[in-house]
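Here are some notes for a colleague opening this structure for the opening look.

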Amino acid sequence: MRSLLRSSCSMVALTCVSTIACAEDWPEFRGPTNQGIVASAELAAELPRQWSAQENIDWRTELPGQGWSSPIVVGNSIILTAAIPTDQTVDTDKPVYELTALFLNARSGSIAKRIPLFVEEASAPKIHQKNSHASPTPVFDGQHVYVHFGHQGTACISPAGEVLWRNETLAYPPVHGNGGSPAVVDDLLIFSRDGANIAEVTALDKLTGKVRWQTTRDVEAKKQFSFCTPLLINAGDRRQLILPGSNVVQSLDPANGQEIWRVTYDGYSVIPRPIFEAGLVFICTGYDRPSLLAIDPTGVGDVTETHVKWREGSGIAHTPSLIGENGRITTVSDNGIATSFDALTGKQLWKERIGGNFSASPLLVGNHLYLLSEQGDCTILDITNGPRQIAKNSIGERCLASLAVVDRSLLLRSDKALYRIASSNP
């Protein structure tokens with residue numbers, strides 16, 4: 001058993017990090033594969049499978065403020081965001097928040113740098129009870145870190161913590177707050193802007209923060225708000241940016257935002273990031289009744305009637321993203337039902353009730369599926385030949401952020417703290 005180290009919030013000098021992404025980096029939401037998969041067999045064998053709030057914890061660091069962004073790893077730094085209440089007083093019971101990037105030392109867990117970027121005024125629109133004012137996950141492109149707060153603004157900082165640019169010109173009326181994380185494609189930073197009266201995709205020049213292109217959804221939707229993270233794929237002899245929104249998923253040319261194809265459906269508040277498996281794009285359609293769609297991405301124009309290979313409407317997630325591996329698609333619903341399908345046919349392979357409620361996206365480590373519930377329970381299934389539970393670990397704190405990996409350890413963010421969980425595997 002490793003002892004639980006006391007958290008430290010002291011401000012210390014930031015450890016220098018490499019500006020070149022390395023194999024150990026976890027650079028964005030869902031990691032280096034963008035799909036929530038630990039690809040290294042050696043690393044998969046060494047990641048922890050047993051822990052508790054006291055057992056196999058390298059360190060636990062209390063985090064200031066609130067936030068549901070997932071941690072990223074850049075060299076010896078762990079980076080996440082938080083909305084920290086200030087002492088500013090106004091004629092309202094709503095606090096003013098400092099929207100902040102936090103740098104933690106990966107070895108000790110100490111907070112090395114706290115970088116204020118924006119201020120969220122008390123007059124800001126109300127957020128959903130499961131959301132925070134700091135929910136999008138940062139992204140690292142090998143040189144710079146990009147931090148996004150949705151309608152509140154976007155910023156670029158160096159690995160040493162220097163603020164290189166800010167953009168606060170893209171405000172819009174949100175619904176339930178911010179959510180979708182950005183993606184870096186070449187020299188662009190791309191994200192969705194799907195709010196109360198806007199539905200579009202925006203690309204910024206990643207070196208200057210200036211708008212390079214914007215593409216409207218051009219679809220009728222009674223509720224336009226969604227919170228999806230883009231996915232870049234190579235399919236049909238071209239690069240495509242896949243980004244669902246309310247009532248439509250679009251494939252865009254990442255260079256200029258021109259639409260390649262679209263599929264329409266009934267759904268809003270779309271959250272899960274798309275995945276690409278067995279030559280097909282897989283998306284979830286959001287509220288009220290989510291469906292899982294398998295789409296052939298080789299078409300042009302509106303391909304709703306021609307390129308949707310199959311769809312499933314039972315046990316599909318509103319919030320957690322999907323896992324795709326070895327020709328299988330696995331999902332965990334918000335109410336704790338895990339289901340696996342054949343990627344090409346849609347045939348159900350297995351279904352398992354996990355229990356609990358889920359918002360965090362699954363992590364696949366070798367053949368082990370890590371499912372982190374909102375209650376702080378992480379169920380680990382061996383899915384080699386159907387689901388077999390091999391562990392269930394609890395920290396007893398609320399969890400909505402997705403797991404990340406640093407070296408041979410897991411990073412778990414709760415509503416109170418960030419944990420580094422060490423391996424005790426034989």
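1. A term comes before the strands. Two strands count as paired if DSSP finds at least two bridges between them. Keep in mind throughout that this is a predicted model.

2. Start with the open sheet. Five strands make it up, in the order β1-β28-β29-β30-β31, and the pairing is mixed. Which strands stand at the edges? They are β1 and β31 (388-394). Each has a single partner strand, so one side of each is left without a neighbour in the sheet.

3. Look inside that sheet next. Strand β28 covers residues 363-365, and strand β29 covers residues 368-372. The two run antiparallel and are joined by three bridges. Leu363 will return below, in the lining of a cavity.

4. Asn34 is worth a stop. This residue is found in the segment before β1 (37-38). Is Asn34 buried or exposed? Its relative accessible area is 17%. The cut-off for buried is under 20%, so Asn34 counts as buried. Leaving aside neighbours within four places in sequence, Asn34 is in contact with Glu28, Phe29, Leu231 and Arg273.

5. Now turn to strand β5, residues 97-105. How many of its nine residues are buried? The count is nine of the nine, so β5 is largely enclosed by the rest of the structure. In a regular strand the side chains alternate between the two faces of the sheet. Both faces of β5 are covered. On one side, Tyr97, Leu99, Ala101, Phe103 and Asn105 are buried. On the other, Glu98, Thr100, Leu102 and Leu104 are buried too.

6. β5 has strand partners to check. Strands of a sheet pair through backbone hydrogen bonds, either parallel or antiparallel. Strand β4 (residues 77-85) runs antiparallel to β5, with nine bridges between them. Leu80 has Leu102 of β5 as its bridge partner. Strand β6 (residues 111-120) also pairs with β5 in the antiparallel sense, over eight bridges. There, Leu104 stands opposite Ile111 in β6. β5 and β6 form a hairpin with five residues between them. In the turn, Gly109 has a positive phi of about 85°.

7. The largest pocket holds about 650 Å³ of space. It is lined by 30 residues, and the closest to its centre are Lys130, Asn131, Phe227, Ile271 and Thr319. What classes of residue make up this lining? There are eleven nonpolar, 17 polar and two charged residues.

8. The second largest pocket has a volume of about 380 Å³. Its lining has 27 residues, with Gln66, Tyr97, Ile127, Asn131 and His133 nearest the centre. By class, this lining divides into ten nonpolar, nine polar and eight charged. Tyr97 is one of the buried residues of β5.

9. Rolling a probe the size of a water molecule over the atoms shows where empty space is left. The structure holds four cavities of 30 Å³ or more. The largest cavity has about 120 Å³ of space. Of its 17 lining residues, Tyr172, Gly179, Gly180, Ser192 and Ser226 are the closest to its centre. Strand β12 (residues 188-194) gives the largest share of this lining, four residues. The lining has six nonpolar, nine polar and two charged residues.

10. The second largest cavity has a volume of about 50 Å³. Its lining is Trp26, Phe29, Arg30, Gly36, Ser361, Pro362, Leu363, Ser402 and Leu403. Five of these are nonpolar, three polar and one charged. Phe29 is also a contact of Asn34.

Key. Residues are numbered from 1 along each chain as its sequence is written. This is a predicted model: local features need pLDDT of at least 70, side-chain atom pairs count only at pLDDT 80 or more; totals for chains, interfaces and linings use all residues. Side-chain values use heavy atoms; hydrogens and water are left out. On a 1 Å grid over the protein atoms alone, a cavity is a set of points where a 1.4 Å probe fits but cannot get out, and a pocket is an open set with protein on both sides within 12 Å along at least five of seven lines; lining residues have an atom within 4 Å of a point. Grid points are joined across faces, edges and corners, and a volume is the space filled by probe spheres set on the points. Ala, Val, Leu, Ile, Met, Phe, Trp, Tyr, Cys and Pro count as nonpolar, Asp, Glu, Lys and Arg as charged, and the others, Gly among them, as polar. Buried means under 20% relative accessible area, exposed over 50%, partly exposed in between (1.4 Å probe, protein chains only). Contact means heavy atoms within 4.5 Å.
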